[in-house]
Amino acid sequence: MGERERGAAGPRRRRAGPGAGPERERERDPPAEAAEGDPDSAGEFRCHKVQESLLSSASGYSNYRGVLNWCVIMLVLSNARLFLENLIKYGILVDPIQVVSLFLKDPYSWPSLCLVILSNVFVLTALHIEKRLAVGTLSERSGSVLHSLNLLTVLCFPALVVLTVSSATPVGALFALLTYTIVFLKLFSFRDVNRWCRERRAKDESARLGELGTSPAPAKRNSAPGQKTANGDVAESSVSYPANLSYKDLYYFLLAPTLCYELNFPRSPRIRKRFLLRRLIEMLFFTQLIVGLIQQWMVPTIQNSMKPFRDMDYSRIIERLLKLAVPNHFIWLIFFYWLFHSSMNAVAEVLRFGDREFYRDWWNSESVTYFWQNWNIPVHKWCLRHFYVPMIRSGCRRWMARTAVFLLSAFFHEYLVSVPLRMFRLWAFMGMMAQLPLAWFVGKFLQGNYGNAAVWISLIIGQPIAVLMYVHDYYVLNYEGSQ
């Protein structure tokens, strides 16, 4: 009995201590308890449970960072092999002097630069029309007619010059026409916003006259110390209509990286010199990279694609199309970063323009519609504000307004390609209009990752098709007959 009592007392004393040995061993050693014949502890021998494989969609696993790194490494290695093969086959083709010659065929005749300078005439015309409308010396009907004629001339005048002046190079003509297109869109917005301001002023005046029987004081530039900008900083000053009709305000809008006019743009508090320097270095580096890739990679591929087109060798045409798709898409991605991030942020930083949303996450697009709404925010805002919403308010159905937006975009795509090349083939126009059935198909039959893959495929394959079509037609029109 003494041994039994001591044996029974021993465990109790050990349990009372903070580090009781047998209890901890019993907790850590499930087989010891199971050996005593406890049927409920048999489950502790199990090493399996109901679960899905990681690559199954039902598992909910989403951390594929290692796979993404592998894809990037494989992409770099495969393109490095292609680039090395290109160097071995063609040598170094990069020639900066050749790029300058694309802009300047005749050093004593610069029609594209002259066109860009002449665009100020249409800008000043729009400003003086608005000034007359503001003081009431010009009727709304007459002002609308004059604005329409001015905007129509903005599109037609440079096209006529490019088509009639032989010294205008395609690249220089593209730059001039792109400038005039931007001026057109900005002046269109400038006209609309000032018209809205006059309509609001007329309503305010009539309401005030009805209540007080007195005329309101003329609008003037005033400070609004309590108003905050998008950054949360206090604004320096604000302007009201018609004090906004000045050369300073209009040319600030023309230089700002936006197509939609406002009387008071959000302003950043200061110019960040380091941020601006990084953007300028990026602009310089990516400009050289784009030019080098075009000369070294795209031009030889396009030149080698002419013979399959002449012979109508469809297998070789498809092979050349796929070969062109890689450098074309790579250059397009670099150009997107150069324009929408580096260049626009640099201009916005110099002007202290506060709204820096130039793009959204278009790379996650699961539908064609989402891509076109998010990859070019300045154009999307303009189409929504000055084209789509007015059509909806006028009674048009949404599908009609959406189709009209794509028609407008298709027109400008064709305008910026066919006029500089001096040929009209409508490939760009048809490519843009093909987005409508593609958007319907992707939205109806493809969802999630499949929709995103369809958007990427349309970008990777669609662009080189248009490039080959225009290059082939340009080659046939300008070179084949002379050989």
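Where is the place of Val94? In this predicted model, Val94 is found in the loop between H4 and helix H5 (96-103). Its relative accessibility is 40%, so Val94 counts as partly exposed, since that category lies between the limits of 20% and 50%. Val94 and Leu293 are separated by 199 residues in sequence, yet their C-alpha atoms are 8.2 Å apart in space. Leaving aside neighbours within four places in sequence, the contacts of Val94 are Gly292, Gln295 and Gln296.

Next, select helix H10, which covers residues 273-303. Then centre the view on Ile294, where H10 bends by about 35°.

Turn now to helix H4 (residues 65-90) and select Asn79, which lies in it. Asn79 has a relative accessible area of 18% and is therefore buried, because the cut-off for buried is under 20%. Not counting residues up to four places away in sequence, Asn79 touches Trp297 and Val326.

The next stop is Glu130, in helix H6 (residues 111-135). Is Glu130 buried or exposed? Its relative accessibility is 0%, so Glu130 counts as buried. Show the side chain of His147 as well; a polar contact of 2.8 Å joins it to the side chain of Glu130. Apart from residues up to four places away in sequence, Glu130 touches His147 and several others, including Phe190, Arg191, Asn194 and Tyr241.

Finally, examine the nonpolar interior. In soluble globular proteins, nonpolar side chains tend to be buried together. The largest nonpolar core here has 67 residues, and Phe184 and Trp382 touch the most other members. Helix H8 (residues 170-212) gives the most to this core, with 12 residues. Select Phe184 and display its surroundings: beyond its neighbours within four places in sequence, Phe184 is in contact with Leu151, Val154, Leu155 and Phe412. A second, separate core has 15 residues, among them Ile290, Leu324, Ile331 and Leu468.

Notes: Residues are numbered from 1 along each chain as its sequence is written. This is a predicted model: local features need pLDDT of at least 70, side-chain atom pairs count only at pLDDT 80 or more; totals for chains, interfaces and linings use all residues. Side-chain values use heavy atoms; hydrogens and water are left out. A nonpolar core is a set of buried Ala, Val, Leu, Ile, Met, Phe, Trp, Tyr and Cys residues joined through side-chain atoms within 4.5 Å. Buried means under 20% relative accessible area, exposed over 50%, partly exposed in between (1.4 Å probe, protein chains only). Helices (H or I, at least four residues) and strands (E, at least two) are DSSP runs, numbered from the N terminus. Contact means heavy atoms within 4.5 Å. The expected span of a helix is 1.5 Å times one less than its number of residues. The bend at a residue is the angle between axes fitted to the seven residues ending there and the seven starting there. A polar contact is a pair of N or O atoms within 3.5 Å; within protein, one must be able to donate a hydrogen and the other to accept it, and residues adjacent in sequence count only if both atoms are side-chain atoms.
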